[in-house]
Amino acid sequence: MVEDICAVATPFGTGAISIIRCSGPNTIEKVNKIFKGKDLTKVKSHTINYGYIIDNDEIIDEVLCNVYLKPHSFDGENMIEINTHGGVFVTNKVLQTLLQNGFRMAENGEFSKRAFLNNKLDLTQAEAIMDIISSTNDLALNASFSSLRKSTLNLVKNFRDKLLDIIAKIEVNIDYPEYEDSVEVTNNYLKPVVDNLLIDIEKILENSKISTLVIHGINTAIVGKPNVGKSSLLNLLLEEDKAIVSDIAGTTRDIVEGRVIMKNITLNLLDTAGIHKSSGLEAIGVNKSIEAINKADLILLVLDSSKELDDDDYKLLDLTKNKKRIIIANKNDLKQKWDNNEAIFVSTFNPKTINVLQNKIIDLLNVNDFPNLNNQFLNNERQINLLKKAYNSLLYAKEGINLNKSIELIEIDIKDAFDYLGEITGESNPEELITALFTKFCLGK
């Protein structure tokens with residue numbers, strides 16, 4: 001049974017308006033009981049209605065009620081959005097009145113869940129809504145809107161249609177061998193089809209490495225020995241004094257987080273404790289720093305250009321050599337004691353030198369390539385992991401083809417790939433195969 005639910009859809013606080021969303025089969029009737037104005041049970045869908053929310057004879061607030069009748073609402077249910085005056089007290093007062101009149105508080109994401117269950121959204125669109133809300137730059141916003149407009153759905157559907165065509169042909173070969181109009185599916189027939197699918201998926205996975213960095217930000221660890229200027233670099237990027245800056249080595253003993261947006265990319269910054277031989281409390285910070293390196297998408301390795309490199313510096317260079325990294329030779333305002341073709345030389349006392357670092361980050365991570373991906377990417381780790389599973393299933397199918405296994409065994413791996421792709425959008429449904437069999441072939445004639 002579908003219940004009537006409500007929740008505040010805008011952030012709590014003082015503002016011009018607050019919006020309380022209500023949804024469910026009896027929403028219109030229940031809101032109408034506490035609404036003084038037009039009879040909401042008789043108004044048309046997608047209308048705005050002026051009036052008052054009342055509790056018995058007491059007027060609580062002057063409101064506008066936006067009415068949406070099923071199935072033409074966000075979640076496919078009868079829905080009303082109550083626009084109240086902004087403010088915590090009045091918003092809570094209206095919310096409590098709704099709860100006292102038959103509504104229950106919605107769970108997190110419940111409106112989007114209903115939209116999915118009522119086929120108003122697929123899973124990628126639901127995820128895109130959250131990405132839009134959390135977007136921090138223009139590229140991330142454009143990517144999220146693209147997914148909301150079904151670009152991800154269409155991308156996945158294209159792969160599933162190709163696999164569905166293969167599965168349907170195999171099923172016809174097995175169940176209706178006398179059907180002369182069907183294509184005979186052999187290993188020689190399947191090999192180029194599977195190879196091309198693998199190539200296409202590889203491209204999507206490669207593109208998705210860029211898209212996830214654009215959408216969710218680049219986890220960036222600032223690492224180096226104590227007192228090389230890591231915290232100063234963090235503060236310079238953030239344009240604030242978030243980290244403690246001191247001449248005393250080892251001042252930063254934990255991980256300091258921050259976020260900076262520059263040239264349409266977002267860096268999720270981690271300023272880590274200095275890495276060197278240590279013990280006790282400081283050693284815990286060092287271990288956290290090493291953990292941050294392993295999880296980071298990008299390493300900003302800060303070295304002191306005014307001092308000769310020592311064993312700790314070389315260990316850091318070795319520890320980060322297989323990561324995306326930028327070597328930053330700090331303190332170039334002092335006399336330089338070493339040179340390195342890979343390093344960029346900056347001074348955290350000169351903000352202009354940060355432009356060089358920004359351009360280096362953009363070039364290293366290929367972020368400028370994002371507009372040329374033509375929506376051929378996925379948006380998050382859940383989607384990417386499922387695509388990888390589909391890819392691996394097709395690799396198993398290819399292995400079976402090369403070993404000349406029976407078509408029935410190869411079909412199992414192809415079906416697995418088909419199902420994994422369906423999990424991306426929430427479309428996995430065995431009835432699709434039945435429908436395909438009867439739409440693609442005249443089996444009933």
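In the predicted model, methionine 79 in β6 is the bridge partner of tyrosine 68, and this pair belongs to the antiparallel pairing of strand β5 (residues 58-68) with strand β6 (residues 79-85), which extends over five bridges. Strands are taken as DSSP runs of E with at least two residues and helices as runs of H or I with at least four, both numbered from the N terminus, and two strands pair if DSSP finds at least two bridges between them. The model is a predicted one, in which local features need pLDDT of at least 70 and side-chain atom pairs count only at pLDDT 80 or more, whereas totals for chains, interfaces and linings use all residues. Residues are numbered from 1 along each chain as its sequence is written, and side-chain values use heavy atoms, with hydrogens and water left out.

The open sheet is formed by seven strands in the order β3-β4-β5-β6-β2-β1-β7, with mixed pairing; its edge strands, β3 (35-37) and β7 (104-105), each pair on one side only. Helix α2 (residues 88-99) lies across β1 (5-8), β2 (17-23), β4 (47-55), β5, β6 and β7, and runs at about 75° to β5, while helix α3 (residues 110-117) lies across β1, β2, β6 and β7 at about 130° to β1. Axes are lines fitted to C-alpha atoms, for helices over the stretch in contact, with angles from 0 to 180 degrees between N-to-C directions, and contact means heavy atoms within 4.5 Å.

Helix α4 (residues 123-134) and helix α5 (residues 138-148) have axes that come within 8 Å and cross at roughly 155°, and the two are therefore roughly antiparallel to each other, a term applied to angles over 145 degrees. The contact joins Thr124, Gln125, Ala128, Ile129, Asp131 and Ile132 in α4 to Leu141, Ser144, Phe145, Ser147 and Leu148 in α5; by class, six of these residues are nonpolar, four polar and one charged.

For helix α7 (residues 187-216) and helix α12 (residues 381-402), the axes come within 9 Å and likewise cross at roughly 155°, so that α7 and α12 are also roughly antiparallel.

Leucine 357 is placed in helix α11 (residues 354-364) and counts as buried because its relative accessibility is 2%, the limit being under 20% relative accessible area with a 1.4 Å probe and protein chains only. Not counting residues up to four places away in sequence, leucine 357 touches Leu233, Leu237, Leu300, Ile326, Ile328 and Ile344. The C-alpha atoms of leucine 357 and isoleucine 328 are 8.3 Å apart, with 29 residues of separation in sequence.

Terms used
Angles under 35 degrees count as roughly parallel, over 145 as roughly antiparallel, 65 to 115 as roughly perpendicular and the rest as oblique. Ala, Val, Leu, Ile, Met, Phe, Trp, Tyr, Cys and Pro count as nonpolar, Asp, Glu, Lys and Arg as charged, and the others, Gly among them, as polar. Buried means under 20% relative accessible area, exposed over 50%, partly exposed in between (1.4 Å probe, protein chains only).
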